[in-house]
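Thanks for asking me to look this one over. Please have the structure open beside you as you read my notes.

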Amino acid sequence: MTAMPMHEALQVIRETRAATDVVVTSMGTAREWMAMGPLEALDWVFVPSAMGAAPPFGLGVALAQPARRVIACNGDGSTLMSLGTLVTIASEAPENLVLVIFDNGVYEVTGAQPSPGQADFAALARASGIGAVYRFSEIGAWRAGGRDALNARGPVCIVLDVEPMPGARGPKSPGPTIARAKQFADALSQPVP
Ligand SMILES: Cc1ncc(C[n+]2csc(CCOP(=O)(O)OP(=O)(O)O)c2C)c(N)n1
């Protein structure tokens, strides 16, 4: 199956993200996001995290901050952990929420054990009631279509088929969580121009 490198997939988000957007990363995406450059005040690197909690966290921020776009990045294993969140996102229907599912078929950060099943996350998102659903398997297509997908009226779910990275380790937390949470809350409290 065709798939794209995770860091190249994330690069499209970096290039499209506005200064006022919140970007939530977790698991492998947190590791790669931190490796790509200094963190912005509105980046929430969800490490340590409760597995599966990045989408509900993003949903909460999106509902609390309707003037900001929230881009929540999640693995396939973590998506399976809290699959019901897709239905909650559809029912709350925040126009400013984009959930990006990075489907590498494995629990990469714990040693690349295969994640269960062959779930079609785009079909699951549609069946949950999310109207704007996209799937990209090839980096050229994602580079060409990513901006439109990320800018679509939410809630948006984008499924990206990404290559597992053999031997990749888990992300390290960028610092003490309570201090980071305070900085993040301060950044969120700034007015949106
Ligand atoms: C309830 C629970 N079970 C297992 C774990 C251990 N665990 C942490 S991350 C992870 C895998 C995450 O996989 P995925 O969401 O697909 O992201 P990837 O690592 O592939 O980027 C697992 C199994 C956990 N944190 N919580």
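Here are my points, taken region by region.

1. A word on the source before anything else. This is a predicted model, so please read every value below as computed from that model.

2. Let me start with the ligand. There are 14 residues around the ligand, and those that come nearest are Gly28, Gly77, Ser78, Val106 and Val109. Several backbone atoms sit at polar-contact distance from ligand oxygen atoms. For Gly77, a backbone N or O atom lies 2.8 Å from an oxygen atom of the ligand. For Val106, a polar backbone atom is 2.9 Å from a ligand oxygen, and for Val109 a polar backbone atom is likewise 2.9 Å from an oxygen atom of the ligand.

3. Next, helix H2, which spans residues 27–35. Is this helix enclosed or open? Seven of its nine residues are buried, so H2 is largely enclosed by the rest of the structure. The buried residues are Met27, Gly28, Thr29, Ala30, Arg31, Glu32 and Trp33; note that Gly28 is also one of the residues that come nearest to the ligand. The cover over these buried residues includes helices H1 and H4, together with strands S1 (22–25), S2 (43–45), S3 (70–75) and S4 (97–103). Just after H2, Gly37 takes a positive phi of about 150°.

4. The packing of H1 on H2 is worth a look. The axes of H1 (residues 6–16) and H2 come within 10 Å and cross at roughly 70°, which makes H1 roughly perpendicular to H2. On the H1 side, the contact is made by Met6, His7, Leu10, Ile13 and Arg14; on the H2 side, by Gly28, Thr29, Arg31, Glu32 and Trp33. Sorted by class, this contact has four nonpolar, three polar and three charged residues.

5. Now to Thr79, in helix H4 (residues 76–81). Why does Thr79 count as buried? Its relative accessible area is 4%, and buried means under 20%. Beyond its neighbours within four places in sequence, Thr79 is in contact with Asn74, Ile101 and Phe121. With Asn74 there is also a polar contact of 3.1 Å between the two side chains.

6. Tyr107 belongs to strand S5 (residues 106–107). With 29% relative accessibility, Tyr107 counts as partly exposed. Setting aside its neighbours within four places in sequence, the contacts of Tyr107 are Met51, Gly77, Ala112, Gln113, Pro114, Ser115 and Pro116. Among them is Gly77, which you met above beside the ligand.

7. Two cis peptide bonds deserve a check by eye. One joins Val47 and Pro48, with omega about -5°; Pro48 lies in the loop between S2 and helix H3 (54–64). Another joins Gly154 and Pro155, with omega about 0°; Pro155 is in the loop between helix H7 (139–151) and strand S8 (156–161).

8. Finally, which residues other than glycine have a positive phi? Ala93 has a phi of about 50° and lies in the loop between helix H5 (85–92) and S4. For Ala112, phi is near 65°, and this residue is found in the loop between S5 and strand S6 (113–114). Both count as partly exposed: Ala93 at 36% relative accessibility and Ala112 at 34%. Ala112 is also one of the contacts of Tyr107.

Methods: Residues are numbered from 1 along each chain as its sequence is written. This is a predicted model: local features need pLDDT of at least 70, side-chain atom pairs count only at pLDDT 80 or more; totals for chains, interfaces and linings use all residues. Side-chain values use heavy atoms; hydrogens and water are left out. Helices (H or I, at least four residues) and strands (E, at least two) are DSSP runs, numbered from the N terminus. Buried means under 20% relative accessible area, exposed over 50%, partly exposed in between (1.4 Å probe, protein chains only). A polar contact is a pair of N or O atoms within 3.5 Å; within protein, one must be able to donate a hydrogen and the other to accept it, and residues adjacent in sequence count only if both atoms are side-chain atoms. Contact means heavy atoms within 4.5 Å. Axes are lines fitted to C-alpha atoms, for helices over the stretch in contact, and angles run from 0 to 180 degrees between N-to-C directions. Angles under 35 degrees count as roughly parallel, over 145 as roughly antiparallel, 65 to 115 as roughly perpendicular and the rest as oblique. Ala, Val, Leu, Ile, Met, Phe, Trp, Tyr, Cys and Pro count as nonpolar, Asp, Glu, Lys and Arg as charged, and the others, Gly among them, as polar. A residue is near a molecule or strand if one of its heavy atoms lies within 4 Å of it.
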